[in-house]
Amino acid sequence: MAPTLPAAVGFLAGIHQDGGRPPQPVLATASSRAPWTQHTAGQSLHAVLLHSGAPDGAHAHARDTTLLLAGELYNREQLLPLLPGRTPPGSDAALVLALFGTYDVHAFRLLNGRFAALLAAPGRAVLATDHAGSLPLYVSATPGRVLAATEAKALRAAPPGQPLPGRPVRRLAGVRQVPAGTVLDLGVATGRCTSHRTWAPPLARRVLPEEDAVEAVRRALDDAVRARVGPDVPLVVLSGGIDSSSVAALAAARCRPAPVDTVSMGTDEADEFPQARVVARHLGSAHREVTVPTDELLRRLPHTVWAAECTDPDIVEYLLPLTALYLRLGGPARRILTGYGADIPLGGMHREDRLPALDTAVCHDMDTYDGLNELTPVLSGAAGHWSTHPYWDRDVLDVLVSLEAGLKRRHGRDKWVLRAALRDVLPHETVVRPKLGVHEGSGTTASFTRLLTDAGVPAGRVRHAKRLVVQELFDRVVVEGRHPGDVATGAVVEHVAAGLVPR
């Protein structure tokens, strides 16, 4: 099984033909840091690895080619037979490098994982993200130099780079975010880049009998949870809804006879504690409830933007309660499983019965998730933990997205196929409980709105004000490099409100 945490959870690296070094590492991830250097023919690779105690497991070297890997693979058992007659590679990095020796960039089409990778070969830099870009990767390149990092803020002092495929990062000239499920193959001397897509959400829809669809969902999700449960008991974030409860139930089955650990988060505004207790009692989990006062929750807005490096206010609202929870957990580094992300492939936030509209929503959400960093491990990494999301396992997505819409909205219930797949291991009241978003169950949206209206923002301009607040926070903690503890949410809100409220 996988170790408690991956060998590396992030990196900052530079490939240079002139002996230069990457910028100083300014990163949100709280982890041990190890400098590392590799010299090959005509170029140098300098890196800082954010590691969990065994940084050597995060890099591999063979025949003038070096690979850095942050994160972990979930299909090692399927990959090893592709290297017959060889001694099985001991680390994920060594396995990926061995596959690269056989398949070149197409090796990344084989991987199911949560990772960002940088490969340095003579005159060549290869950067790759996992299928969902769930561990973000950023790059800046000029002729003779390629810089890459798992957090954009680490590249804020880099000289302006040349245009590359990928999403520009706000106010960081030349920095691009490597798209999800993509390999960028760069010539170091010229900066010329070829882009290869390694995964895309399925567009075709499978028509299956109910029983077959239910079985496929149960099997895929169970395999994804199994691959993510390490040798120690993981912690599962539990809201009491069908998404998180399903993950908790499957993790509990894997951990028996030891009880799985679960935790629920609420505020003095709202919580889902009663619903989560029902599931915790049913599973016999070691359960904990964490109440974050609303004022503390809102003070975590800068920390959320700092970790997620996102400027979308809706996404920041979704991630704010998780950030507040992770920062409250304390204790040693934990492997954390969540039910986050199920709504996107299953259309869980779509609350009407028309199936064409439901599938349109699924298509739109799967087309636009990239670059929002909803799944970034930096949210938990800022507190020293490693989070992973079974619903965004590659094989789970291939199943969930491809199911025809009538299996997702059926018999008057949202996410019907998931509810049917887990009904034998969960309380009935959990299986039939209507969907409630984490930002709704914690009162996050209402609290953020009230903060703005109390500052004088007219109700009709709240949504616009939220976007301005998040952009201002991004500029301060990512672009300017200020620590979020030094940025007061209230002061930023007052600044934005002053520009919106007529004098």
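First, a convention for handedness. I call a crossing left-handed if the near helix is turned anticlockwise from the far one by less than a right angle, and right-handed if it is turned clockwise. I also note that this is a predicted model.

**Entry 1: helix 3 and its partners**

I began with helix 3, residues 210–228, against helix 4. The two pack at an angle of about 60 degrees, and their axes are 9 Å apart. By the convention above, helix 3 and helix 4 make a right-handed crossing. From helix 3, I listed Arg-218, Leu-221, Asp-222, Val-225 and Arg-226 in the contact. Helix 4 brings Ser-246, Val-247, Leu-250, Ala-251 and Arg-254. Sorted by class, the contact of helix 3 with helix 4 has five nonpolar, one polar and four charged residues.

I then turned to helix 12, residues 394–402. Helix 3 and helix 12 pack at about 160 degrees, again with axes 9 Å apart. Angles over 145 degrees count as roughly antiparallel, so helix 3 and helix 12 are roughly antiparallel to each other. Their crossing is left-handed.

Which residues of helix 3 meet helix 12? I found Ala-216, Val-217, Ala-220, Leu-221 and Ala-224. On the helix 12 side they meet Asp-395, Val-396, Val-399 and Leu-400. The contact of helix 3 with helix 12 divides into eight nonpolar residues, no polar ones and one charged. Leu-221 is listed in the contact with helix 4 and also in the contact with helix 12.

**Entry 2: helix 17 and helix 18**

Next I looked at helix 17, residues 462–479, and helix 18, residues 489–500. Their axes come within 9 Å and cross at roughly 130 degrees. That makes helix 17 oblique to helix 18. The crossing of helix 17 and helix 18 is right-handed.

Helix 17 contributes His-464, Ala-465, Leu-468, Val-469, Glu-472, Leu-473 and Arg-476. Helix 18 answers with Val-492, Val-493, His-495, Val-496 and Leu-500. I sorted the contact of helix 17 with helix 18 into eight nonpolar, two polar and two charged residues.

I gave Arg-476 a separate check. Is Arg-476 buried or exposed? Its relative accessible area is 15%. The limit for buried is under 20%, so Arg-476 is buried. Leaving out residues up to four places away in sequence, Arg-476 touches Gly-481, Arg-482, Val-487 and Val-492. Val-492 is in helix 18.

Most residues other than glycine have a negative phi, and most peptide bonds are trans. I looked for exceptions.

A cis peptide bond joins Arg-256 and Pro-257, with omega about 10 degrees. I located Pro-257 in the loop between helix 4 (242–255) and strand 15 (261–267).

Arg-171 is not a glycine, but its phi is positive, about 60 degrees. Arg-171 sits in the loop between strand 10 (167–169) and strand 11 (172–177). With 54% relative accessibility, Arg-171 counts as exposed.

Lys-415 is not a glycine either, and its phi is positive at about 50 degrees. Where is Lys-415? I placed Lys-415 in the loop between strand 20 (413–414) and helix 13 (416–422). Lys-415 has a relative accessible area of 1% and is buried.

**Entry 3: Gly-384**

I found Gly-384 in the loop between helix 11 (378–381) and strand 18 (386–388). Not counting residues up to four places away in sequence, Gly-384 touches Leu-5, Ala-30 and Ala-333. I also took one distance, to Val-178. Gly-384 and Val-178 are 206 residues apart in sequence, and their C-alpha atoms are 24 Å apart in space.

**Entry 4: annotated spans**

Last, I read the UniProt record, an unreviewed entry. UniProt places "domain: Glutamine amidotransferase type-2" at residues 61–156. In the model, the end C-alpha atoms of residues 61–156 lie 29 Å apart. I noted 17% helix and 38% strand for that span.

The UniProt annotation "domain: Asparagine synthetase" covers residues 217–355 and 389–455. For residues 217–355, the end C-alpha atoms lie 20 Å apart. That span is 53% helix and 14% strand.

Key
Residues numbered from 1 in each chain as written. Predicted model: local features only at pLDDT ≥ 70, side-chain atom pairs only at ≥ 80, totals over all residues. Heavy atoms only, no water. UniProt positions renumbered as here; feature names shortened; annotations may be inferred. Helix = DSSP H or I, 4+ residues; strand = E, 2+ residues; numbered from the N terminus. Axes fitted to C-alpha atoms, helices over the stretch in contact; angles between N-to-C directions. Parallel < 35°, antiparallel > 145°, perpendicular 65-115°, else oblique. Contact = heavy atoms within 4.5 Å. Nonpolar A, V, L, I, M, F, W, Y, C, P; charged D, E, K, R; others polar. Buried < 20%, exposed > 50% of the residue type's maximum accessible area, 1.4 Å probe, protein only.
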